[in-house]
Amino acid sequence: MAEDTAYWEEAADYSQEDAGYDQETEGMADETAVAESETTADAKVATPQSKPSAKKVLVLGDENLLYSAGLQESYPEVEFTAATVLSRLNLDSREFKSMPPALQNRVRHAVDPTKIDKQFAPASFDDLVLFLPGLSFAVPKEMGTSDRPIFAYRTHHFVFHVLRAGKQLLKGEGHLHLVWPEETSLMSSPCGAAGLELPQLLSFLGCRQVEAKFSAEKVNSDNLWPIVFGEVPTEVPEWIHGVQIHSFNVDNKPIEIPLCVALQLHPDLSLVSIKDPSPKSGGAASAPAASAPLKAKLIHEALARKEKLKEIYGRKDSSNGEAPILDLVKEPVAQESLLCMPLEAFMLAFEEVPHIAQCMKFQIFDDQPPVTVVTIAAVDPRMPTRVARPASVGPATATAMGALTPVQAAAGPLRKRSRPKDEEWGEMKFYCPLTKIATPTAEKMRAHMSGDLYKRLATSNPGWLTSEDKKDLMLDLEIDAAEEQAKRAKREAAAGGKGSAKGKGKGDGKSKGGGKSGGKNKSKDEKGKGKGKSDGKGKHK
């Protein structure tokens, strides 16, 4: 994919920068080579050399590498490898060891943890360790604080994506070890009120909790000094001291999630399966295989609900008062809701959070390599929903196209759209691609286009004035105006015909050539109740 290509190109550029940093520090290393020789020897004695039979464990989330080094020192029979989103320059400039001797160069810098499967070969590790996942990143300014349900939503999805990528590196069935604060300690943390439930989330994602394989008490307390919420604390927070290590059985099979969660994910994700899939659909006899792409599974679910979709979004008889069918997607149960959008999202103002995706950005420091800034795609439930349906071409449209004003008739017929109009944004018929604003009526769209936001963006985007998108928008407005004019003309014609039919009276007198009438003429007014009299001189009173 184009996104992956850009990721690797930027990663390659940064690797060259890191190599330049190594060359700059090479001279300093030569000057201190004698002094460090004894330290290196001690490190070799303390940490055994890698053995082919040693269990290989990948540590994620330990951004300053302190805890990974502590694990290696506490469990020398295990071969730990650490991956951090920070570069060597980021770590060295903050007085952290970018290459701890205990890890024996088993460190990867500037790594996006949600794409960890692109950094190592498949089947490279036996176990995974997640160290305080999601808590090292700075809280986005749009979110404000970390004690909100939207923070739990963001963290849960981060863990889901890291697990999805990390499972592809396992040799088979292994273990996942979660280093996480004790529940009481977590409640006293800045994110205690957010509703973080990582052990429950991992159980929901198919991990089965077992007896802990590692003990947090064996790790030296000096190695427990993590980066939290984008800052290096001057002292370790109290709520960090109570960390525990939870162990889970985990395999490399696809993660099963309910359809209500799958609809929020990017359709190109791999190693994701839909829980309790529909057995049959319109064109397929059974559900796609578990290894099939998520997009194929979503298409299958859409086809299985095609008839219900027709009932909801198809044309209905206005006289039919039946309520639409809304049970297309099953409501999530308690654990399934851990990955669902919280109700708080619907109460966020667009001025506060223009798009939910801005709360799904994961960055620690401002000088962090851009390639490692994680952004998870998210659907904003506050935005109108696109409903694809065939464009209706009926008599009303043909009449509207024929009812042009003299100016339009002189200018020629209306032009064709650059592409068919086959989408409708939740009854929002008019959509402005420049401002991403949709309105239900043409009048409101014209009012929007006369506003400051539209004018400001039109000025900053010179190509908009001549773009096909603007021409299509203006065409939609012209067609709506023509339709309204046709309806108005039809109403006026109907009103005129009705008045002329009822305005005819009956004469019971005789008329002579002199224009005099000796009788009386009676006529009804518009309501049929008025009478008119003639005095025989052609005048009516």
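**Exercise 1. Count the aromatic pairs in this predicted model, then classify Y67 and F131.**

The model is predicted; local features need pLDDT of at least 70, side-chain atom pairs count only at pLDDT 80 or more, and totals for chains, interfaces and linings use all residues. Residues are numbered from 1 along each chain as its sequence is written, and side-chain values use heavy atoms, without hydrogens and water.

Step 1. The structure holds 10 aromatic pairs. Rings of Phe, Tyr and Trp (its six-membered ring) pair if their centres lie within 6.5 Å; planes under 30 degrees apart are stacked, over 60 edge-to-face, the rest tilted.

Step 2. Y67 and F131 have centres 4.6 Å apart and planes at 25°: stacked.

Step 3. Y67 lies in helix α3 and F131 in strand β4, so the pair ties together parts 64 residues apart in sequence. Helices (H or I, at least four residues) and strands (E, at least two) are DSSP runs, numbered from the N terminus.

Step 4. Y67 is buried at 2% relative accessibility, and F131 is buried with a relative accessible area of 2%. Buried means under 20% relative accessible area, exposed over 50%, partly exposed in between (1.4 Å probe, protein chains only).

**Exercise 2. Classify the pair Y454 and W464.**

Step 1. The ring centres of Y454 and W464 are 6.3 Å apart and the planes stand at 80°, so the pair is edge-to-face.

Step 2. Y454 sits in helix α15 (residues 452-460), W464 in the loop between α15 and α16 (468-502), 10 residues apart.

Step 3. Y454 is buried at 7% relative accessibility; W464 is buried at 6%.
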